[in-house]
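Please keep the structure open while reading.

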Amino acid sequence: MTTYTSDLLQLLEERGYVHQMTDAAGLDALAARQIVPGYIGFDATAPSLHVGSLVQIMMLRRLQQTGHRPIVVMGGGTTRIGDPTGRDESRKMLSDETIEANIAGIFAVFDKLLTFGDGPTDAVMVNNQDWLGKLGYIELLQEVGTHFTVNRMLAFDSVKLRLEREQPMTFLEFNYMILQGYDFRHLSKEMGVRLQMGGSDQWGNIVNGMELGRRMDGTELFGLTTPLLTTADGAKMGKTAAGAVWLNEAQLPAYDFWQFWRNTDDRDVGRFLKLFTDLPLDEIARLEALEGSEINAAKIVLADEVTRLVRGEAAAASAKATAEQTFAGGGLGEDLPALAVPAEGIRIGAALTELGFTASNGEAKRKLVEGAVKLDGATITDPAHLIACPAAGVELRLSLGKKRHAILRHG
């Protein structure tokens with residue numbers, strides 16, 4: 001492991017955030033002698049970010065914890081274009097009202113994890129629509145367009161992959177990298193930002209912005225990316241059969257969020273504790289060394305700590321209490337997902353899919369045949385089983401395996 005002189009890079013390195021840096025020695029020296037304003041950009045395509053974005057948010061938290069200034073850049077402007085990175089098709093265009101509402105929803109999570117204010121290391125959230133929206137087309141072509149070559153732009157993975165797969169890329173999307181590069185230059189000039197961070201897939205965009213700032217203003221800028229975050233079994237972080245694991249309560253109940261972390265693969269526990277909690281490294285080393293069934297204690301700590309950071313103390317306590325009541329006491333926890341059964345009843349496979357326990361009725365059928373489904377403690381294997389509508393005030397428990405439970409109520 002590399003040893004750095006700055007608290008910032010030392011912390012990022014020892015907790016596993018660093019994948020690539022443009023000039024590690026230069027950034028280390030800068031962070032050791034002054035406050036470094038650094039930013040990460042987030043597009044506002046939904047009213048909440050999901051777990052896949054949490055490592056980036058935690059990087060901004062680490063920036064602030066080591067005495068530097070985090071800048072959260074909301075892509076009110078770039079969301080209108082759509083980042084082509086990792087996509088085979090164009091994003092749906094969103095209205096101005098939807099984008100603004102999404103930004104308001106996303107801020108709620110940042111407000112829990114960062115300290116906002118006017119101080120030198122206080123976080124600030126800005127919207128790139130404020131400057132991109134003022135750029136005239138001719139001005140953009142004259143000032144910025146001359147610093148980008150089409151040859152270089154065509155070499156970007158986000159463009160190459162789309163062309164290789166013969167998927168159309170609009171001219172609008174093709175301009176995304178220019179606007180993102182301009183963001184870095186603008187933030188450098190107007191707010192003294194010296195560092196842009198992001199996922200490994202953003203490396204090319206980050207380097208573009210650095211080069212633009214150097215060519216237009218002669219400013220030395222820095223870039224840092226995190227590793228591609230996947231689980232031990234190779235799955236993309238934050239994606240499950242039931243869909244995205246959202247950070248906001250309105251999109252995903254606290255119990256489901258807690259349970260996602262409780263279900264972490266044994267091999268990922270130590271890594272996730274470093275990335276997503278503030279626990280000391282010696283305590284993490286103790287927890288990840290647990291073996292056999294004892295590793296479950298470490299998973300509960302992980303679930304408690306992440307839920308507390310992202311959702312707050314009350315949500316973490318409630319989710320944990322529900323889990324204890326469900327698993328230890330065999331009861332029905334208040335935070336379990338619930339489904340209203342219509343008067344005519346519902347097929348058990350359809351109930352599993354509607355709750356998000358299975359991705360399709362076909363998967364539900366397989367789980368039933370495997371004997372993984374229980375209704376009030378009784379194993380059900382018949383995919384055609386009809387769950388009758390419970391009487392008012394009566395609650396049934398539907399379970400898939402040992403970790404997924406839901407309440408069925410009168411519709």
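Buried means under 20% relative accessible area, exposed over 50% and partly exposed in between, computed with a 1.4 Å probe on protein chains only. Nine of the nine residues of helix 12 (residues 254–262) are buried, so helix 12 is largely enclosed by the rest of the structure. Helices (H or I, at least four residues) and strands (E, at least two) are DSSP runs, numbered from the N terminus. This is a predicted model, in which local features need pLDDT of at least 70 and side-chain atom pairs count only at pLDDT 80 or more, while totals for chains, interfaces and linings use all residues. Residues are numbered from 1 along each chain as its sequence is written, and side-chain values use heavy atoms, with hydrogens and water left out.

**Buried elements**

- Six strands form an open sheet in the order 1-6-5-2-3-4, and the pairing is mixed; two strands count as paired if DSSP finds at least two bridges between them.
- Strand 1 (20–21) and strand 4 (124–127) stand at the edges with a single partner strand each, so one side of each is left without a neighbour in the sheet.
- Strand 2 (residues 37–42) pairs with strand 3 (residues 69–74) in the parallel sense over six bridges, and Tyr39 stands opposite Ile71 of strand 3.
- Helix 2 (residues 24–33) packs on this sheet, where it touches strand 1, strand 5 and strand 6, and its direction makes about 105° with that of strand 6; contact means heavy atoms within 4.5 Å.
- Helix 10 packs on the sheet as well, touching strand 2, strand 3, strand 4, strand 5 and strand 6, with its direction at about 150° to that of strand 2.
- Strand 5 pairs with strand 2 in the parallel sense over two bridges, with Leu195 as the bridge partner of Gly38.
- Strand 5 also runs parallel to strand 6 (residues 222–226), to which five bridges join it, and Gln196 has Gly223 as its bridge partner in strand 6.

**Arg185 in helix 10**

- Arg185 is found in helix 10 (residues 176–191), and it counts as buried at 8% relative accessibility.
- Leaving aside neighbours within four places in sequence, Arg185 is in contact with Glu143, Leu212, Gly213, Met216 and Asp217.

**Helix 13 against helix 15**

- The axes of helix 13 (residues 269–276) and helix 15 (residues 295–311) come within 10 Å and cross at roughly 20°, which makes helix 13 roughly parallel to helix 15.
- Axes are lines fitted to C-alpha atoms, for helices over the stretch in contact, with angles from 0 to 180 degrees between N-to-C directions; angles under 35 degrees count as roughly parallel, over 145 as roughly antiparallel, 65 to 115 as roughly perpendicular and the rest as oblique.
- Helix 13 contributes Val269, Phe272, Leu273 and Phe276 to the contact, and helix 15 contributes Ile295, Ala298, Lys299, Leu302, Val306 and Leu309.
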